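Work through the exercises below with the sequence and the 3D structure at hand, and try each task before reading its solution.

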Amino acid sequence: MLYTIFLFALLGVGLAASIGFLVLHRPRRFFRTVEINASWWVIIVGLWYARSLTLLVIRGAVPRPWWDIALSLGLLAAIDGLLLVRFFSYLRYRRDHPEAPPTAV
């Protein structure tokens with residue numbers, strides 16, 4: 001039960017950070033090299049998190065060995081950390097540069 005709660009929390013935080021970054025960044029030209037480097041990994045991870053969250057709701061968390069639980073929660077926490085760093089660093093960038101970002105034109 002506790003494992004399921006942690007999965008919901010980590011997947012929810014990661015998905016929120018991914019969506020928040022994309023809403024703030026407002027990518028318009030997806031196939032420019034700059035945009036691929038800036039946004040595509042966030043989009044891919046966000047879709048992966050949405051899929052995982054949907055499957056967790058449908059299937060629930062299956063009991064696993066302790067090492068599998070530690071590995072999955074550790075990797076999710078690490079990816080969430082990357083997403084949160086990306087989100088908050090973009091917030092700082094927007095604060096320092098209030099004009100439109102160069103990829104939004």
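**Exercise 1: the nonpolar core**

Among the 18 residues of the largest nonpolar core, Leu 7, Leu 11, Tyr 49, Leu 76 and Leu 83 touch the most other members. This is a predicted model, in which local features need pLDDT of at least 70 and side-chain atom pairs count only at pLDDT 80 or more, while totals for chains, interfaces and linings use all residues. Residues are numbered from 1 along each chain as its sequence is written, and side-chain values use heavy atoms, with hydrogens and water left out.

Task: find which elements give two or more residues to this core.

Solution: Start from the meaning of a core, a set of buried Ala, Val, Leu, Ile, Met, Phe, Trp, Tyr and Cys residues joined through side-chain atoms within 4.5 Å, where buried means under 20% relative accessible area. The elements giving two or more residues are α1, α2 (33-59) and α3, and the largest share, seven residues, comes from α1. Next, check burial: the buried residues of α1 include Leu 7 and Leu 11, and those of α3 include Leu 76 and Leu 83.

**Exercise 2: two packed helices**

Task: decide how α1 and α3 are oriented relative to each other.

Solution: First, take the angle, which for helix α1 (residues 2-25) and helix α3 (residues 66-96) is about 25°, with the axes 9 Å apart. Angles under 35 degrees count as roughly parallel, and α1 and α3 are therefore roughly parallel to each other. Finally, sort the residues of their contact, which divide into 18 nonpolar, five polar and three charged; here Ala, Val, Leu, Ile, Met, Phe, Trp, Tyr, Cys and Pro count as nonpolar, Asp, Glu, Lys and Arg as charged, and the others, Gly among them, as polar.

Terms used: Axes are lines fitted to C-alpha atoms, for helices over the stretch in contact, and angles run from 0 to 180 degrees between N-to-C directions. Helices (H or I, at least four residues) and strands (E, at least two) are DSSP runs, numbered from the N terminus. Angles under 35 degrees count as roughly parallel, over 145 as roughly antiparallel, 65 to 115 as roughly perpendicular and the rest as oblique. Buried means under 20% relative accessible area, exposed over 50%, partly exposed in between (1.4 Å probe, protein chains only).
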